[in-house]
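Please read them beside the sequence and the structure.

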Amino acid sequence: MSNQKKRLNGGEREDEDEDDAEGIGEWERAYVDDRSWEALQEDESGLLRPIDNSAIYHAQYRRRLRMLSAAAAGTRIQKGLIRYLYIVIDFSRAAAEMDFRPSRMAVMAKHVEAFIREFFDQNPLSQIGLVSIKNGVAHTLTDLGGSPETHIKALMGKLEALGDSSLQNALELVHEHLNQVPSYGHREVLILYSALCTCDPGDIMETIQKCKKSKLRCSVIGLSAEMFICKHLCQETGGLYSVAVDEVHLKDLLLEHAPPPPAIAEFAIANLIKMGFPQRAAEGSMAICSCHKEVKIGAGYMCPRCKARVCDLPTECTICGLTLVSSPHLARSYHHLFPIAPFDEVPALSSLNDNRRKLGKNCFGCQQSLIGTGNKPGPCVTCRKCKHFFCLDCDIYIHESLHNCPGCESIHRPKSVSLMEE
Amino acid sequence: MIFKIEDVEVYFPYDNIYPEQYEYMVELKRALDAKGHCLLEMPTGTGKTIALLSLITSYRLAHLESPIKLIYCTRTVHEMEKTLAELKLLHDYQVRHMGERARILAIGLSSRKNLCVNTKVLAAENRDSVDAACRKRTASWVRALPADNPNVELCDFFEKYEKDAERALLPPGVYTLEDLRAFGKKHGWCPYFLARHMVQLANIIVYSYQYLLDPKVAGIISKEMQKETVVVFDEAHNIDNVCIEALSVSVRRVTLEGANRNLNKIRQEIDRFKATDAGRLRAEYTRLVEGLALRGDLSGTDQWLANPALPHDILKEAVPGNIRRAEHFVHVLRRLLQYLGGRLDTENVEKESPVSFVSSLNSQAGIEQKILKFCYDRLHSLMLTLEITDTDEFLPIQTVCDFATLVGTYARGFSIIIEPYDERMPHIPDPILQLSCHDASLAIKPVFDRFQSVVITSGTLSPIDLYPRLLSFNPVVSRSFKMSMTRDCICPMVLTRGSDQLPVSTKFDMRSDPGVVRNYGKLLVEMVSIVPDGVVCFFVSYSYMDGIIATWNETGILKEIMQQKLVFIETQDVVETTLALDNYRRACDCGRGAVFFSVARGKVAEGIDFDRHYGRLVVMFGVPFQYTLSKILLARLEYLRDTFQIKEGDFLTFDALRQAAQCVGRVIRSKADYGMMIFADKRYSRHDKRSKLPGWILSHLRDAHLNLSTDMAIHIAREFLRKMAQPYDKAGTLGSKTLLTQEDLEKMAETGVQDMVY
């Protein structure tokens, strides 16, 4: 099948290459690497068409949203805003496979990088550590820390795939690290698993129970197929298990882990945490920073308790151990506690058309037309509060990035403005 | 949920029902209404058992004026327990909604080994010795001995049961084997004899096929069942083989030697009795004069084995004069053994019909057909008279008499085959004389005749029109149901070529081709690296499996497989295989992943489920044809062609394909499950083979998957596994409902049955 399609794609240039008998030509290699034929599927009548994944993605997204809101609909939900997350990346033999382009390893690294940035963006008070599995052994790449750059640098430096994979070793290592974390922090593990088996030195079931006992929330993202042990691990520890279909899906699945998960009930005790809000130190003055032990000019913060100099926020003061944040960080963490309600899907029935026409045929967010191909009304959603219509892209954007509804905001604003004027 | 099917109110213990379950009930109800037999094929994992049980019990409740009885036959004890557990659930539900009116008595019946609670008896290792140990304690003459005799050991449970004879009853309810044992222990009654007694009174009986099909057992256990009985054979795809086995006997040299020893022992016993208690032998003689019909005067517990021929064949005539005396009978048996021994000395394969066998027996050993016919009953009577209790030691002579009676009774549908050595090992002499039955309808005929409805059901009964011919009956309903699915959770593929485009097959001339062996190996190596957890492989025979694994070992393919997954192999040893299976499951559980090499038609293929992660992929290497040079098979094929006009080729393909379907069907046991099936042989792509697969597999076999090479199969498998790992909606979308609620059913009842289901 693949051979035929390949020829189809490169058909027009075949004449030139006919005498080129040795190996595959340069032009051909491009197609082989690209695998463009995999993005095609045959429909009922035998015609080729690109695989239409947008509907699937949207359905997945809605399910996610519903799950979140169903959880939120219960009682006042508590979320762990201070998270201690270990990302475990499986760099075993299977990570060298080429079904993700250019290789699973590279794709994983790329998206983990994006994830780390997004994670700190959404959870400024949290910390990440990196662990890799290689040759059946788990290695700590970086310890828990709040600086995205250090993690990314450590991650990108070590890209090679070797040997077997061992889930148990990784869990044991992470467990050791996370056990020392203070009790108000939420312990999480996110495992990117590309292998299909795990070679363990002992009984992994015991390790899973140990993790469950110390309240580690383990989530796994598989890269090839569903594995029983991963599913079991996630079920036991309350994490999410998902398997990526392709690269885009992998990215989505990863980013799903960026917002904080609901706290484990018995673990969610309200706590007071001592925090410092350091001020930006005097520009132009020279000082040795406590984090890198280097002399730097300006651009730093001063711990309010011990007056040590740090470069980045948020962090923990290396001298006195105070958690140092800035107020925008706290504010940014809030939207997780007050999410916007999911939008209702508008059924594409003609009876509802009148109502719809009244409100206009354009998406309130991006002003694109909501009429789909063939003058049929395309899929769209509506906000429960302001009753404005939105297209699917805006729906995702509003819920996942913007965190407020433009419709509702535009109703409220005149009021607040007028109030202020009074 | 409670809903109506025509005039019957059906009590179903779950809130939702699958559409095919509903349809199944509708068809079953029609068969019950028509008081006829039916054949129903429904894929495994669709809740066949509960649909069946809930309809039949509800049907019974709706017609309480003439209540029907249900006999549910299963193949294994494990299945029996599962059925009873479901029945319990259903019964609780019915009692909750209908009150005391719905109470029934349902019991499971099994051998002494599974039911006995006497620890001393249970210490025996196999079934026959448990039976013998029980008889030693419960036979009437043993119990008649004075109680203070220190050599006599009685079973307390049986004594208590006999003492409370009238009061020893089971209150209504559903009893699994475990419940029976617990009940027996609590009241001090023997659960086995209690269960056997309650069989006559119970509303539902769950037991093994043999209790109905094997005439030796059926004569005792099932003889007094009422006509208004529904008999269900579950997992009945092999029912013809069970029928045939029930009437086939094979005699080897060891059997003859054992029989000779038994005869010597009997001889001694006779002499001893002559000296001490000659009256007994005389009493037996007079009894025999009056005919065997008087067997009933012996007490119930002493009847242990009935005649192997079928009930209607036992003539109500007197035993021939020349075997009435014990000594004469022993002489006859000696001559018979001698004759059989002489026949076993042959150097050629011989095949004979019963008629010519009997006539040559008559001319050479002077034993008439009529004498032969009575051998079994005469032996039985003699052993009772001689008060022999350790019946397990007397198995060889029983086998020989069994043989004699069958040869004497049936002139058609059987043949006698004598082989001096095993075909596969011609230099090791191992003579065997086989009386093989070719006609499956012989054993099952009395069941069809005696009972109102017989339901034959399984996950694989395709092609469904062949079964009525093989078993010679007329079903009023025969249907095959499809599985309604929320997603395409099975992915059958036909792999015809290796990655080098050379065809693969286990055809005789190709199977040892190194290219084929290598391609099969490569297929497995590739597959184990992309399939998670468990992979099961089926080969066509033990010898082929041994050969191919040895080659893979030499060429390093096995090593490559072991890098990904652990390898386990089924052997002919049951204990070894059980251990291998246990470790296989553990390897799948802990994430190491494992491959299980097994054989079609083996124990594993028939009875072990590889559901969920225990089997994500099953590879069927080759088409599992029977060993076509086997004399027995050839004789059967000839018989089938002459009698039922079934062509040899048709029958062989049918048999091979039902085995293949059975093997791959192990992988999926419920709708939430998913799995891939690879048929690795180019012959599967041919229409005559493929079309014999069950409908629920065929409907998922897309045209594009009919002629795959290894690399294409790999690609499909990758995509499939990724797709299946995604979360899904269990209830199905609006277009194709796969779970029906009460409202759906009511709506359906209004619009008519047919058009709403599909």
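This is a predicted model: local features need pLDDT of at least 70, side-chain atom pairs count only at pLDDT 80 or more; totals for chains, interfaces and linings use all residues.

1. The contact between the chains draws on 27 residues from chain A and 22 residues from chain B. Chain A and chain B bury about 2100 Å² between them, with 49% of that area on carbon and sulfur atoms. On the side of chain A, the residues that lose the most area to chain B are A:Leu196, A:Glu226 and A:Phe228, which together make up 29% of what that side buries.

2. The elements that give two or more residues to the side of chain A that touches chain B are helix 3 (54-73), helix 7 (204-213) and helix 8 (228-237) of chain A. Sorted by class, that side of chain A has 15 nonpolar, 4 polar and 8 charged residues.

3. Side chains of opposite charge can pair when their charged atoms come close. Over all chains the count comes to 53 salt bridges, and 4 salt bridges are found across the interface of chain A and chain B. In one salt bridge the side chain of B:Arg722 meets that of A:Asp99, at 2.8 Å from N to O.

4. A further salt bridge brings together the side chains of A:Glu226 and B:Arg616, at 3.3 Å from N to O. Because A:Glu226 lies in the loop between strand 7 (217-222) and helix 8 of chain A, and B:Arg616 in the loop between helix 26 (603-607) and strand 19 (617-621) of chain B, this pair joins two chains. A:Glu226 is also among the residues of chain A that lose the most area to chain B.

5. Turning to the rings, a search of the whole structure finds 34 aromatic pairs over all chains. The rings of B:Tyr209 and B:Phe233 have their centres 5.4 Å apart and their planes at 85°, so this pair is edge-to-face. B:Tyr209 lies in the loop between strand 7 (204-208) and helix 11 (210-213) of chain B, while B:Phe233 lies in strand 8 (residues 229-233) of chain B, so the pair ties together parts that are 24 residues apart in sequence.

6. Chain A has an open sheet of 3 strands in the order 17-18-19, with antiparallel pairing. Its edge strands are strand 17 (344-346) and strand 19 (389-390) of chain A, each of which pairs on one side only. Strand 18 (residues 380-382) and strand 19 of chain A run antiparallel and are joined by 2 bridges, and A:Val381 has A:Phe390 in strand 19 as its bridge partner.

7. Another open sheet of 3 strands in chain A has the order 9-16-15, here with mixed pairing. Strand 9 (275-276) and strand 15 (315-316) of chain A stand at the edges with a single partner strand each, so one side of each is left without a neighbour in the sheet. Strand 15 and strand 16 (residues 323-324) of chain A run antiparallel and are joined by 2 bridges, with A:Glu316 standing opposite A:Thr323 in strand 16.

8. Two backbone details in chain A deserve a look. A cis peptide bond joins A:Arg101 and A:Pro102, with omega at about -10°, and A:Pro102 is found in the loop between strand 3 (83-90) and helix 4 (104-122) of chain A. A:Asn135 has a positive phi of about 55° although it is not a glycine, and A:Asn135 is placed in the loop between strand 4 (127-134) and strand 5 (137-145) of chain A.

Methods
Residues are numbered from 1 along each chain as its sequence is written. Chains are lettered from A and ligands numbered from 1 in the order in which they are written. Side-chain values use heavy atoms; hydrogens and water are left out. Two strands pair if DSSP finds at least two bridges between them. Helices (H or I, at least four residues) and strands (E, at least two) are DSSP runs, numbered from the N terminus. Contact means heavy atoms within 4.5 Å. Buried area is the accessible area (1.4 Å probe) that two parts lose on being put together, summed over both. Ala, Val, Leu, Ile, Met, Phe, Trp, Tyr, Cys and Pro count as nonpolar, Asp, Glu, Lys and Arg as charged, and the others, Gly among them, as polar. Rings of Phe, Tyr and Trp (its six-membered ring) pair if their centres lie within 6.5 Å; planes under 30 degrees apart count as stacked, over 60 as edge-to-face and the rest as tilted.
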